[in-house]
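Dear colleague,

I am handing over the structure below, followed by notes on what was found in it. Please read the notes with the model open beside you.

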Amino acid sequence: MSKINISSTPSINKTNYVWNYFVDLLQAKMKKIAIVFLMFFVIQNVSAQIPSGVSPSDFLKGTNVTQEELKGKLKEKGLDIENISPQDLPQVQGTIEDAIKEIQSQKGQNTGSGMTEDLTVNNELSKEDLEDKFEDLDELKSSQIGKRVEDGASLEEAISEEELSKRTVKGRAASIYGHSIFFDQTLDFYRTTQTSTPPDNYILGVGDKITINIFGRSQADLIYQIENDGFIRPSGMYKIYLKGLPYGKAKFLLRSRFKQAYAFDKGQFNIDLNTARTVRVNIYGEVYNPGSYTISALNSALSAVIAAGGPTENGSVRNITYIVNGKEKHIDVYDFLTNPNAVMEFGLVNNATIFIPPLSKVVNLGGQFVKTGRFELKDGETIEDLIRIAGGTRKNVSLANFNIDRIVNSERRLSTYNFESAKNMELEDLDVITFRNNKMAYENYIFINGAVRFPGDYEWQNKMTVSQVLKDAILEKYSRLDIAYVVRRNDDNTFRFISVALQKALDNPNSIDDIVLQSGDGIKILDIRDFTDLFLFSITGAVRQPLVLQEWDQESQMRLSDAINFANGVKVNATKFGYIIRTSIENPEIKEYKLVNIEEALKSKGSSSDIVIEVGDSIVIPSNERFSDELFVRIGGAVRSSGQFVYSNTLTLKEVIVMAGGVSDEAETKKIDIYRLKDNDQGHPYTTMITVEIDKNMDPLSANDRIEIRPNDVIEVRKIPNYGAIEIVEIAGEVMYPGNYALTIDNERISDIIEKAGGITSEGNLKGGRLTRIEDNVGVIITNFGSLNGRDKSNVIMKHGDKIIIPAKHDIVQISVVGTNASETYDSLLASNGVITVPFGRSNRAGKYIKAYAGGFAKNAKKGRTFVQHKSGRMVKTKNLGLFRIYPVVSSNSQIITTLKVKKSERRGSETKQRDFYGDFKDLLALVTSALTVVVLAKNI
């Protein structure tokens with residue numbers, strides 16, 4: 001939709017302008033709607049036409065009604081079937097169809113046979129209507145709107161829901177208590193076609209579809225839609241007025257009316273609301289997406305707010321205004337949260353308005369309540385009302401007093417109130433109310449820890465003894481029975497330990513040894529294991545299952561071979577020896593190291609090598625790798641994967657090259673250098689070089705070419721001299737054959753590439769040529785294309801990626817008007833960039849161009865600094881030869897630039913600074929001279 005721009009419209013016409021704009025839009029929309037309804041009307045009328053040759057008896061095909069029955073029923077209605085001509089059939093078609101339905105209805109009652117009747121109007125758009133409304137019906141079906149229609153939404157609902165989904169705020173949190181019900185699925189949201197059980201107080205209206213199922217002696221499945229006049233019209237019965245009736249009363253009315261025409265018992269008559277009507281609801285105020293919405297009348301006013309995205313963070317939930325036919329009702333969400341049935345008092349009515357005002361009073365409640373956080377309060381509500389809204393207190397909340405953090409005269413103040421005297425106090429906006437928790441711990445307890453099966457706190461009872469508590473805690477078999485301790489807290493918060501002869505207390509309950517406990521006492525049961533020295537050792541290194549701090553009975557005699565066996569034996573790479581680190585029990589700082597023969601200890605158990613392990617021993621069996629240096633060889637240069645490899649005495653040059661991925665295409669296999677360390681006669685190492693040659697296509701599995709490799713060798717595979725990929729340059733513009741060209745000889749220059757491209761076209765401007773180099777981000781190279789000759793410095797050697805551009809001749813020259821009199825002649829024709837464009841003439845210099853086309857030099861022009869900038873970017877300045885000046889030659893597409901003289905005031909300023917400097921220097925020199933004179937006179941006195 002185009003935007004309305006009325007900023008330039010006179011204020012008295014703005015209203016009419018906007019009105020006319022929307023009238024045009026409305027007319028465009030109405031045309032589309034009119035076309036849809038016109039097509040629908042034409043289709044209906046066409047389908048209603050009865051072809052010639054059709055008689056009233058043709059309406060009986062597919063029914064169980066005889067011609068005589070129809071004749072009798074029509075006679076009751078004042079029609080003579082035998083005297084109806086084909087031309088009169090369209091006028092009486094409806095009467096004939098109604099008569100057939102009435103006969104079928106009566107037959108269904110009398111015989112008990114099943115009957116199906118659907119007297120509803122299909123308000124859904126047909127396929128033809130959809131094709132008129134949407135250009136691409138398949139695209140509509142595959143869209144989100146089409147999927148919603150297939151899911152049960154009406155077209156209007158689907159379009160509305162799709163627009164809403166694009167505007168809905170995702171992932172938002174509730175600002176106050178009550179906001180969350182609009183986005184956490186607390187409230188249901190219904191569609192018109194959604195099968196549901198409405199409450200009895202739902203008000204029926206035009207468009208509602210009602211399903212009636214009768215089973216028993218009479219069987220029927222009936223669907224009726226409330227028509228515009230408020231009636232439903234069952235066949236063979238009087239019409240029934242349902243508009244405006246509550247659903248509960250309508251069910252009672254329908255049951256009594258249908259009882260007169262059908263035979264059924266209690267429980268054999270069922271009524272459902274098959275499809276609810278849609279209503280238009282206007283939702284405004286503090287909602288995320290205000291506007292008008294078409295939704296199912298099954299929804300309540302609160303559910304309708306969901307369609308608008310729910311209230312904003314500043315939206316009220318206590319004073320939502322619901323306006324129906326000019327009458328206002330006020331909705332309180334907190335009432336709904338305590339009584340969900342209250343929401344049905346606000347059923348939707350067509351053209352109703354819902355307004356959500358902003359929050360007026362918000363308080364924050366903290367403490368142990370069922371709900372805490374921010375709550376909205378109405379005027380007059382008190383702290384007692386707030387606690388009721390919050391769901392009440394937990395058991396550990398103290399209501400004796402509470403704090404209010406309140407803003408008073410722009411300052412925050414804390415006040416403490418007694419609840420009983422202040423519970424009816426009205427709260428203010430932004431109050432923060434805090435109730436304290438009752439943190440008093442229980443005191444009627446004793447606790448047990450140590451060697452018992454169930455340690456922890458136990459209830460203390462008067463005159464309880466140690467033996468009584470231990471019956472519940474259950475002593476372990478490793479509990480010490482000779483002594484236990486009762487730990488008792490003194491009044492000064494110190495502790496006293498009371499020893500207990502535990503075995504005596506257990507044997508003689510309530511004796512002097514069975515101490516009576518006080519509330520808060522603790523019982524410590526000792527563990528026998530804590531008083532036993534454990535036999536600890538470890539074995540690590542080249543064993544299959546290292547053991548660390550293994551516990552053994554101190555009386556056990558553990559030998560080295562036993563420890564190795566418990567570690568699952570030694571590994572293959574284990575050394576034949578090991579060592580034991582023995583720590584002194586009396587002084588752990590003292591350690592002893594002892595080498596042992598592992599091989600001998602395993603062969604001869606109990607031998608001198610199979611020593612006895614002591615408490616705290618650490619056995620270490622090293623691996624062979626630990627006693628050897630890890631050696632490498634390295635390879636680099638023209639191989640596919642440079643790197644280093646662990647040395648082995650089986651390694652040859654061929655294996656190293658294969659592990660490096662083989663030699664690359666640029667490798668020179670006739671020169672492979674191997675650098676190797678050797679020792680001289682004095683034992684000092686030095687580096688030597690060995691050059692070898694290999695077959696480039698060597699077979700890795702071949703036994704030939706086994707060149708020996710030594711530890712720490714460095715192998716360098718050299719590259720073929722001047723080897724490289726094809727180097728490409730580009731030439732574009734006015735040459736015979738522009739495009740990419742390869743550098744095929746050494747030191748190819750600009751002229752060589754131009755020659756490869758067939759030379760310059762007749763339109764080419766060679767002097768304006770430009771060379772751009774991408775290598776090292778050089779950019780444009782300024783050179784004189786007009787003097788390309790052999791090895792001249794202007795004839796630059798080309799590099800890979802270079803690009804030459806030869807521009808076309810335009811036979812023009814641009815003159816910058818600065819420093820010329822052009823503005824006096826061409827004032828109205830000057831370009832916005834301050835240049836004039838003139839024809840190009842051969843071999844003319846800049847001064848001649850300025851004189852001929854720019855009115856000559858201006859008085860303030862600095863003629864000696866006149867430049868010509870060529871198309872290539874090269875700048876050529878004027879040569880000053882004393883009294884003479886030689887202006888640069890102008891080429892096609894070049895630009896002449898003249899500078900201005902420095903103003904006298906600026907020059908005078910610099911001269912003044914010079915004079916100030918010399919004046920300061922003279923003053924300083926005079927001062928120094930005077931000082932020297934004084935010194936000389938002083939010496940002569």
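The side chain of Asp-802 reaches the backbone nitrogen of Lys-799 at 2.8 Å, a polar contact in the sense of a pair of N or O atoms within 3.5 Å, where within protein one must be able to donate a hydrogen and the other to accept it, and where residues adjacent in sequence count only if both atoms are side-chain atoms. This is a predicted model, in which local features need pLDDT of at least 70 and side-chain atom pairs count only at pLDDT 80 or more, while totals for chains, interfaces and linings use all residues. Residues are numbered from 1 along each chain as its sequence is written, and side-chain values use heavy atoms, with hydrogens and water left out.

Asp-802 is buried, with a relative accessible area of 1% (buried means under 20%, exposed over 50%, partly exposed in between, with a 1.4 Å probe and protein chains only). Asp-802 sits in the loop between strand 35 (779-781) and strand 36 (803-806); strands are DSSP runs of E of at least two residues, and helices runs of H or I of at least four, numbered from the N terminus. Leaving aside residues up to four places away in sequence, Asp-802 touches residues including Ile-728, Glu-730, Leu-771 and Arg-773, contact being heavy atoms within 4.5 Å.

Turning to the whole chain, there are 21 helices and 43 strands, and 35% of the 941 residues count as buried. Among contacts between residues at least 6 apart in sequence, 60% join residues at least 24 apart.

With kind regards
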